[in-house]
Every structure is written in structure tokens, then in C-alpha cells.
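Hi,

Here is the structure I promised to pass on. Have a look at it first, and then read my notes below.

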Amino acid sequence: ICIVTFLFIHFLENLAVAGAATQSSTSENWFAEKAIDRGLQQLYTGCSSTLSQTNPWWRLDLHHIYRVNRVVITNRNDCCAERINGMEIRIGNPLENNSNNNPICAVIPAIPAGESYSYSCGGMEGRYMNLIIPGDMKILTLCEVKVYGEGKPNLALKGTAVQSTTYYHWGAANAIDGIRYAPGVASYCSITLNQLNQWWRLDLLEYYYIYKVTITNRADCCSERMTGVEIRIGNSLENNGNSNPRCAVVTSRVPPGGTVSFNCNGMGGRYVNMYVPNIQTYLTLCEVEVYGTGNF
Ligand SMILES: *[C@@H]1O[C@H](CO)[C@@H](O)[C@H](O)[C@H]1NC(C)=O
């Protein structure tokens, strides 16, 4: 039992460490990042704090959608422990109202000075974790915040892909084989013929709200071929899905073998297209990854 417990703790990764923290205001040098610095959490010097204000908040961007299982919050130990009373933990993807309208995981009645309390969030999905104290003249101070959960898997791996034309054996499915890059001549990549208006389409088989699309370029040559690719997301198959709303255009050159991500802000749809309008090229994709959620 002792060994099992040790391994369990050892492999639980605190997601907050790799995140980015911001807050509604900052008191002196009580920066938002101090709540995720993993150290000095028992000393007030290692804590974040807002000014006294209405509805102060602190937000953690996990950079990816997670199913959050647990949030651990450490209160300051030098004074003012009651200031944390009534703080809400909110988790979700929208940035509306600085993410303070996202669903509530827990409302914290109180945390004794210097103590760390753990809250179960039952796998709530989100990229942002907010802590907010509703009310006037409130000060939000945090000495350490830890977040535990699992990353949402790449939705593309469960989908199917087709493309306008295929160059030899470089089929559409190579862009969703889970391999971003392998040595060799565009191995594990999809390539169309060198024609105008080429496209590649992913069918996710279900409707999703999509927050991130990641594309990996080929490494061996021709990296410029990715420039001009448009990411389109929606439910329509009109014009092969290429008329669906646009999330992004690849405007700057993606380096050979490079991976770029685009934020699609919860655009809804079953189909994700890569489309190069009005350009004659071999549309080449070594990997397309899609991250999103079934409920907004
Ligand atoms: C923004 O969030 C705060 C805190 O939850 C809430 O009191 C306020 O009503 C929200 N504002 C809007 C415009 O939704």
C-alpha cells in the first residue's frame, strides 16, 4: 500500500506550474504568478494579491483543455485568512467577462491561515480556471494554487479524413495518424496534387466546440507550401465544407517540421477543413490536431 501510494502521488502532475496566471489588479509586487511558483507558499512573500476592489479575480490559463479533477488552494498564514471566504472556483473555456461567468466547481466558505484545502471538480472541462471573490472592497490573496486533471485528447484521432486529390500514397489519413513527423520524404504526411484550390477535410463524426487546431509542417522540404492554408470549421458540406466559417489563415511561414496552433474560440462544427483558395500547390499536412469539447 505504501508503494502504491507513493507512485500515485509521484505521477500526479500539478498542471498549474505550466500555466500562465493573470489577475484583475496587482498589489505592489504580489504578482499573479506567485500563486503558481511552487515555493515559499507559507510565507506572504510568495503570494499573489489584488488591490481592494469589486469582484477581484485571478485566472490560470492551462494552455490546453483539461478535465479538472482537483484544485488545491493554500491560504496565507500571516494575517487576514478570512479574506478568502466566499471565493468561487470557476472552470471553462469562454473568455467572456474574463472567464468569470464559467461554471462553478466550488464556493469556499473558509480556509484556515496557512492551510491547503482541496476541492474536487469531478472532471469539469476547461482551459481556464478562475478564482473570484464576488462583492465590493474585496482583496484576493493566494499563496499557492495547484490543479490536477487530464488533458483532453486530440479529437482528430477519432475522426476520418478525405482530400481533394492524392499524390501517390500520401493519403488524407496520414495527417491524423498521431505522428507529427518522422524522418524521410514527407512520411506520415498527406499530400494533394499540385492544383488550384486543394482541400483536406476532417470529419469529427460529432459536433464539437473547437478551441485549438494544431498543424505540423513537413520537415524535409517545401515548407512554404503551408502558407495560405485556411482553417474552416462548421457543419456544412457545401463546397466540400470549404465555405464553412474561417478560424484562421496560415499567414507566416511555418518552419520545416514546425507545429503551429490556432485559437478557434469555441467555433462549433463537425467538419474541419484545410483549404488553399486561389493558390496552386501540393497541400501538405503532416499532422492536424483538434482540441475541443462536446459542451460549451
Ligand atoms: C462578471 O463576473 C462577476 C463575478 O462573477 C459578476 O458579478 C458579474 O455580474 C459578471 N458580469 C457580467 C457582465 O456578466
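Where is the place of Ser223? Ser223 sits in the loop between β11 (199-216) and β12 (230-234), with helices (H or I, at least four residues) and strands (E, at least two) taken as DSSP runs and numbered from the N terminus.

Before the rest, a word on the basis. This is a predicted model, so local features need pLDDT of at least 70 and side-chain atom pairs count only at pLDDT 80 or more, while totals for chains, interfaces and linings use all residues. Residues are numbered from 1 along each chain as its sequence is written, and side-chain values use heavy atoms, with hydrogens and water left out.

Ser223 is buried, at a relative accessible area of 4%; buried means under 20% relative accessible area, exposed over 50%, and partly exposed in between (1.4 Å probe, protein chains only). The side chain of Ser223 makes a polar contact of 3.0 Å with that of Arg253. By polar contact I mean a pair of N or O atoms within 3.5 Å; within protein, one must be able to donate a hydrogen and the other to accept it, and residues adjacent in sequence count only if both atoms are side-chain atoms.

As for the chain as a whole, it has 1 helix and 16 strands. Its C-alpha atoms fill a box of roughly 70 × 45 × 35 Å along the principal axes, and 52% of the 296 residues are buried.

One of the strands is β14 (residues 259-275), where you'll find Val260. Val260 is partly exposed, with a relative accessible area of 23%. Between the C-alpha atoms of Val260 and Asp61 there are 18 Å, and the two are 199 residues apart along the chain.

Now the ligand. Which residues surround the ligand? They are Asn55, Asn97, Asn100, Asn101 and Ile132, where near means that a heavy atom of the residue lies within 4 Å of the molecule or strand. That shell divides into 1 nonpolar, 4 polar and no charged (Ala, Val, Leu, Ile, Met, Phe, Trp, Tyr, Cys and Pro count as nonpolar, Asp, Glu, Lys and Arg as charged, and the others, Gly among them, as polar). An oxygen atom of the ligand is 2.4 Å from a side-chain N or O atom of Asn97. For Asn101 the distance from a ligand oxygen to a side-chain N or O atom is 3.1 Å, and for Asn55 it is 3.4 Å. The protein covers 49% of the 360 Å² of accessible area that the ligand has on its own (Shrake-Rupley method, 1.4 Å probe; for residues, only the protein chains shown count as cover).

Then the rings. The count comes to 4 aromatic pairs: rings of Phe, Tyr and Trp (its six-membered ring) pair if their centres lie within 6.5 Å, and planes under 30 degrees apart count as stacked, over 60 as edge-to-face and the rest as tilted. Tyr167 and Tyr168 have ring centres 4.8 Å apart and planes at 85 degrees, so they pair edge-to-face. Tyr167 is partly exposed at 27%, whereas Tyr168 is exposed at 66%. Tyr207 and Tyr209 are also edge-to-face, because their planes are at 85 degrees, with centres 5.5 Å apart. Ring pairs also link Tyr167, Tyr168, Trp170 and Tyr282 into a cluster.

Finally, charges over rings (NZ of Lys or CZ of Arg within 6 Å of the ring centre and within 35 degrees of the ring normal). Arg201 lies over the face of Tyr271, 5.7 Å from the ring centre, and the charged end of Lys212 sits over the ring of Tyr291, 5.4 Å from its centre.

Cheers
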